[in-house]
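Student: I'd like to learn how to read a structure like this. Can we go through it together?

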Amino acid sequence: MNISRYGEEGIRIVFGEEIDFDIHEKVRRYYFFLKSLQLKEITDIIPSFRSCLVIFDRKRTSFDTLTASLREKEFFISHVNIPEPKTCDVPVEYGGESGFDIAFVASHTGLSEDEIVEIHTSIIYTVFAVGFMPGFPYLGILDQRLYVPRLETPRVKVPKGSVGLAQLQTGIYPFDSPAGWRIIGRTSKKLFDYNKEPYSIFQIGDKVRFKSV
Amino acid sequence: MIEIVHPGIMSLVINGGRHGHREVGVPSSPALDSYALNTVNRLTGNEDHAPAIEVFGEKFSLRFSADVCCAITGARVRARLENRPLCSWMSFEARSGELLTVDEVMEGFRYYVGFSGTPVLEKVIESYSTNLECRFGGYRGRALQKGDRIDFENIRMVDVRRIQEEFIPGMNQPHTLRVLKGPEIDYFTADSLDGFMGDKTRMVFTVSTKANRTGIRLEGNPLIFRKGADESIISEGLLPGTIQVPADGLPIIQLHERTIGGYARPAVIAKVDHDLLAHLKPGDSVTFKMIGLEEAESLYDRKMEIAALIKNGHRRQQCGNL
């Protein structure tokens with residue numbers, strides 16, 4: 001675990017250098033540990049693949065005070081209640097107008113469209129992070145055979161529900177959004193409801209199973 | 001009540017932001033110039049982070065259908081209430097039926113229009129701010145349009161006054177933005193970092209036309225990645241004001257709408273200069289200057305101390321709901 005400062009109000013707590021399940025588990029555990037402390041001086045926590053970003057309120061504490069206090073409480077990490085991951089089925093209409101990049105993915109990988117769907121639906125994915133936009137799940141780890149690069153120039157807009165691939169990740173756009181990932185399908189599932197807590201259907205650690213419809 | 005007669009190029013309802021939910025990707029979407037927001041609220045007797053209208057572009061115009069105190073802060077504008085001239089950083093009393101029009105933006109980019117009352121709008125995820133991309137918060141989740149009406153409750157009259165010149169920040173270009181080291185500063189060659197934010201001759205960047213409320217793209221001499229450095233990172237939590245550099249080497253200043261990013265981050269804009277980001281307009285010249293953390297902290301603390309000297313508008317009489 002490596003703690004460093006980022007800007008005036010950020011603490012980067014880094015647990016490793018790659019996308020990996022052990023590192024993810026450490027991030028997740030630390031995130032729930034931080035939440036369990038319910039510290040007023042922490043305004044936001046952003047857990048992701050290999051780090052937790054803690055955003056703190058400089059009116060209430062300082063970097064040194066807060067990091068020292070977190071180190072003191074670390075013994076408590078192994079006693080924190082970690083919620084059981086939820087598993088969520090996501091129905092997807094693959095290819096066609098909904099998955100307008102599937103032909104590119106086929107030509108880039110040498111797979112048929114059916115094989116792409118079969119491989120994509122055969123893994124239970126883990127939510128490594130939620131963000132960039134509200135409710136977007138970064139899912140992994142994708143089967144190597146589906147590895148595709150990001151678009152060099154992102155699209156200005158893809159429709160809500162679009163399911164995309166980039167490198168060894170897959171994800172779902174909860175809203176119409178600019179996007180650099182390759183779109184292979186679309187879901188009608190609502191991923192984010194701003195009228196109802198906890199707003200996002202996913203949190204870090206949850207599992208996702210895609211179903212072809 | 002107010003009715004939008006002309007929305008300018010774009011106007012939207014914002015407040016101090018939406019906090020505490022970045023763990024599921026909810027960005028803070030606050031007013032880009034928080035000093036201007038706080039001050040417009042002081043002038044109109046509201047809490048510092050209360051909602052107001054953020055506008056850019058000329059011709060913004062609205063009609064009052066109640067007597068209310070109003071103020072404009074942020075960019076320096078030439079405006080009028082009917083035919084009486086007004087300017088930014090002062091409050092004024094508006095009577096029902098009168099028309100407020102902004103004729104010219106003289107310095108800066110975004111301006112803030114505030115009212116001595118509480119808009120009748122629903123908070124979404126604890127905030128009045130508009131998330132334009134996801135279409136929630138603010139006024140029906142969107143930018144304001146001609147004909148939109150916003151009701152106010154708890155309207156009271158406050159003493160009109162003007163903010164002294166010494167409390168009004170400069171917003172003219174060229175802008176010098178002070179920055180701190182970012183997490184991936186080592187991804188770039190020492191020479192290119194020196195040219196970007198060093199002590200001697202600093203590169204001048206130009207604000208691209210591709211600047212919006214999410215990020216400000218800059219044009220100029222690209223930063224050079226060190227040999228062997230990755231051109232992207234494993235996506236990770238982002239702070240507002242972070243400078244991200246994609247493979248083309250041209251910096252993007254990330255504002256408040258993204259919680260996670262995947263590009264290398266050579267620098268972060270010091271908080272003391274975040275408000276200035278609201279006033280970078282396409283074509284403006286920008287340079288960066290690296291400072292240390294302690295200096296950044298004391299500059300920001302000093303700025304907050306000065307802001308605290310601006311007093312709240314006084315209540316004079318209660319007018320009730322209109």
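This is a predicted model: local features need pLDDT of at least 70, side-chain atom pairs count only at pLDDT 80 or more; totals for chains, interfaces and linings use all residues.

Student: What share of the residues of chain B count as buried?

Tutor: That's 50% of the 322 residues. Taking the contacts in chain B with a separation of 6 or more, 78% come from residues 24 or more positions apart.

Student: Which domains is chain B divided into?

Tutor: Domain 1 covers 2-168 + 311-320, and domain 2 covers 175-291. Their C-alpha centres lie 30 Å apart.

Student: How many residues are in contact between domain 1 and domain 2 of chain B?

Tutor: On the domain 1 side there are 19, and they meet twelve residues of domain 2. In chain B, α1, β5 and β8 each supply at least two residues of that domain 1 side. By type, this side of domain 1 of chain B has eight nonpolar, seven polar and four charged residues.

Student: Let's look at α1 of chain B. How many of its residues are buried?

Tutor: With a helix, start with the way its residues point. An α-helix has 3.6 residues a turn, so residues three or four places apart point the same way. In α1(B), residues 34-43, ten of the ten residues are buried. Among them are Y35(B), N38(B) and R42(B).

Student: What do the buried residues of α1(B) pack against?

Tutor: They pack against the strands β3, β5, β7 and β8 and the helix α3 (293-308), again in chain B. Just after α1(B), check the backbone: G45(B) takes a positive phi of about 75°.

Student: Finally, which residues have the most contacts inside the largest nonpolar core?

Tutor: That core has 145 residues, and the ones with the most contacts inside it are C52(A), V54(A), C70(B), Y112(B), V179(B) and L277(B). Take C52(A) as a case: not counting residues up to four places away in sequence, C52(A) touches residues including I13(A), V27(A), Y30(A) and P47(A).

How values were computed. Residues are numbered from 1 along each chain as its sequence is written. Chains are lettered from A and ligands numbered from 1 in the order in which they are written. A nonpolar core is a set of buried Ala, Val, Leu, Ile, Met, Phe, Trp, Tyr and Cys residues joined through C-beta atoms within 7 Å. A residue is buried if 20 or more other C-beta atoms lie within 10 Å of its own, exposed if 12 or fewer, and partly exposed in between; C-beta atoms are placed from the backbone. Two residues are in contact if their C-beta atoms, placed from the backbone, lie within 7 Å. Helices (H or I, at least four residues) and strands (E, at least two) are DSSP runs, numbered from the N terminus. Domain bounds come from an automatic or database domain assignment. Ala, Val, Leu, Ile, Met, Phe, Trp, Tyr, Cys and Pro count as nonpolar, Asp, Glu, Lys and Arg as charged, and the others, Gly among them, as polar.
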